[in-house]
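Trainee: Could you walk me through how the helices pack here, and then what the cavities look like?
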Amino acid sequence: MAINGNYVFRETAANLTRNITLTVASVLTVFISLSIVGATVLVRQGAQNLTRQFENGVEFIVYVEPDASESQLAEVRTSLQDNPGIAEATYIDRDETYADFKQLFKGQDTMLENVGPADLPTSFRVQPKDSSVATVQGLVNYYRKQPNVFEVRAATDVIKQMKGMTDFVNKLLFFSAAFLLAASTLLILNTIRTAMFARRREIEVMKLVGATNWFIRVPFMLEGLVQGLVGGVLAIGAVFLARNWIDELLDKGQGLELLQSFTINSSDVLQACLWVGITAVVLSVGSSLIATRRFLDV
Amino acid sequence: MIKLENVSKVFKGDVVALREADCEINKGEFVFLVGPSGSGKSTMIRLLNKQEEPSSGNIFVAGKDIGTLNSWKVPFLRRNIGCVFQDYKLLTNKTVYENVAFALEVIGRPRHVIKTQVPAILELVGLAKKHKNYPDELSGGEQQRVSIARAFVNRPLILLADEPTGNLDPATSVGIMRLLDRINRTGTTVVMATHDRSIVDTMRRRVIELDRGSIIRDQARGVYE
């Protein structure tokens, strides 16, 4: 059976405008929840990029106790060199450390006046063989417990912190998105039910003269789809805005070196938009199907 | 055209609306269903276009067992069955023309068909001049004519009428009956449930009388009682 395009368009438009407050409410809820879906994807991708950057070339620094004797230093050195998980350990002596220190605190004269080469711990710059976060973290924990080791510094600590934070934010976003998606589904469902209820006499006549269920259903389903898609398009816009906003935020925070690695590239944005789009379609078609099903029982 | 075999309909709470009904209605017949309220007339009509399912027994319409009909085929069955009700069931936000055209539009008839069929049927029911009016601007008799036009515009094989004159005065009812008679003479089978004694007695058509769900009389050229 040919479905008259003109008829479908007219009916869908009438449905959408008849109950404008409900329509706007569902579009806005869809928009907010899908924006959060987009944000969840962006944060996840950003966090992934962040850890990936640190996956390669991770080294850590083992600081030796400042008052360690030569033999104690040699012990640490042997332990590092004999460790099968370590590719290379370079010793940084007092003078070199002091040079670095001077570089780091350039301009801060009180600091430079009060600290001499003897006050600084010497250190080993260690290059592990396997540079995955987990392995490096294992080595770091091991050397922390060794005698004569003053402190072990590794980027993995910060990465772990960052990961913990982004994981938390991600969970928060995920649950908010889940709840809001449920709310949008129910709102779309309710909007369509209301539209069908308002037109129950027409639907009754349509069934009596032999209109097929799909013919009756299509305008209502399109109504739901339009609501979902408008919300989705707004959410995609929000994702692009959010990307610019994050970029700006990162530019301002130059000092936070680690945050610089929290990058979001175009493919991430595209992926977020794709997810938003798919969710919009599934959500609206699903809720429309449920909403129209019960009403059409003869 | 229509055949009921041992058809019963029991509603929830053991309310028997129809009890082992057997009857056969041929193509082109005009049949009155008579009996007091609650005797099963409306149920019988609602069973014929599958608005209700029988509790037991078989119903054949146009040679098909409608009990075994797939649910997606029901709309196509209904395209062969026009329906007229006591309360007209017109759409108040549509004009006379739009109400009739709606019936064709929603079964996917092309626009040029609608443009020729609707004026023709409005001419037949005598409402050509009122095609732009809304239902609440019409008298009861006129509204029922619109309803008949809508039921007949698709040229169905069967016309079911559930107390079509129930809300009308005797003079208006006569006009409606003339119209139904005309439709019947085009070959359409008409099944009409009614309480109206004088109509049944003047028309002298086949009468099926129901009492508490059972067919107690089936008489050709019958009277109300």
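This is a predicted model: local features need pLDDT of at least 70, side-chain atom pairs count only at pLDDT 80 or more; totals for chains, interfaces and linings use all residues.

Trainee: Okay, helices first. At what angle do α3(B) and α4(B) cross?

Mentor: Helix α3 of chain B, residues 96-105, and helix α4 of chain B, residues 111-125, have axes that come within 10 Å and cross at roughly 130°. The two helices α3(B) and α4(B) are therefore oblique to each other, and their crossing is right-handed.

Trainee: Which residues make that contact?

Mentor: On the α3(B) side the contact is made by B:V96, B:Y97, B:V100, B:A101, B:L104 and B:E105, while α4(B) brings B:I114, B:K115, B:Q117, B:V118, B:P119, B:I121 and B:L122. By class, the residues of this contact of α3(B) with α4(B) divide into 10 nonpolar, one polar and two charged.

Trainee: And how do α4(B) and α5(B) sit, what's the angle there?

Mentor: The axes of α4(B) and α5(B) come within 9 Å and cross at roughly 135°. Angles from 65 to 115 degrees would count as roughly perpendicular and those over 145 as roughly antiparallel, and α4(B) and α5(B) are therefore oblique to each other. The crossing of α4(B) and α5(B) is right-handed.

Trainee: What holds the contact residues, by name and by class?

Mentor: From α3(B) there are B:V96, B:N99, B:V100 and B:A103, and from α5(B) there are B:V146, B:A149 and B:R150. By class, the contact of α3(B) with α5(B) has five nonpolar, one polar and one charged residues.

Trainee: Switching topic: how many cavities of 30 Å³ or more are there?

Mentor: The count comes to two cavities of 30 Å³ or more. About 160 Å³ of space lies in the largest cavity, and of the 16 residues that line the largest cavity, the closest to its centre are A:L208, A:V209, B:G82, B:R150 and B:A151.

Trainee: Which elements supply the lining of the largest cavity?

Mentor: Helix α8 of chain A (200-208), together with β6 (81-85) and α5 (140-152) of chain B, each supply at least two residues of the lining of the largest cavity. The largest share, four residues, comes from β6(B), and the lining residues of the largest cavity divide into 11 nonpolar, two polar and three charged.

Trainee: And the second largest cavity, what's its volume and what lines it?

Mentor: The second largest cavity has a volume of about 50 Å³, and A:Y7, A:E11, A:R199, A:E202, A:I203, A:M206, A:F215, A:I216, A:P219 and A:F220 line that cavity. Helices α1 (5-18), α8 and α9 (213-252) of chain A each supply at least two residues of the lining of the second largest cavity, with the largest share, four residues, coming from α9(A).

Trainee: How does that lining split by class?

Mentor: The residues lining the second largest cavity divide into seven nonpolar, no polar and three charged.

Conventions: Residues are numbered from 1 along each chain as its sequence is written. Chains are lettered from A and ligands numbered from 1 in the order in which they are written. Side-chain values use heavy atoms; hydrogens and water are left out. Axes are lines fitted to C-alpha atoms, for helices over the stretch in contact, and angles run from 0 to 180 degrees between N-to-C directions. Angles under 35 degrees count as roughly parallel, over 145 as roughly antiparallel, 65 to 115 as roughly perpendicular and the rest as oblique. A crossing is left-handed if the near helix is turned anticlockwise from the far one by less than a right angle, and right-handed if clockwise. Contact means heavy atoms within 4.5 Å. Ala, Val, Leu, Ile, Met, Phe, Trp, Tyr, Cys and Pro count as nonpolar, Asp, Glu, Lys and Arg as charged, and the others, Gly among them, as polar. On a 1 Å grid over the protein atoms alone, a cavity is a set of points where a 1.4 Å probe fits but cannot get out, and a pocket is an open set with protein on both sides within 12 Å along at least five of seven lines; lining residues have an atom within 4 Å of a point. Grid points are joined across faces, edges and corners, and a volume is the space filled by probe spheres set on the points.
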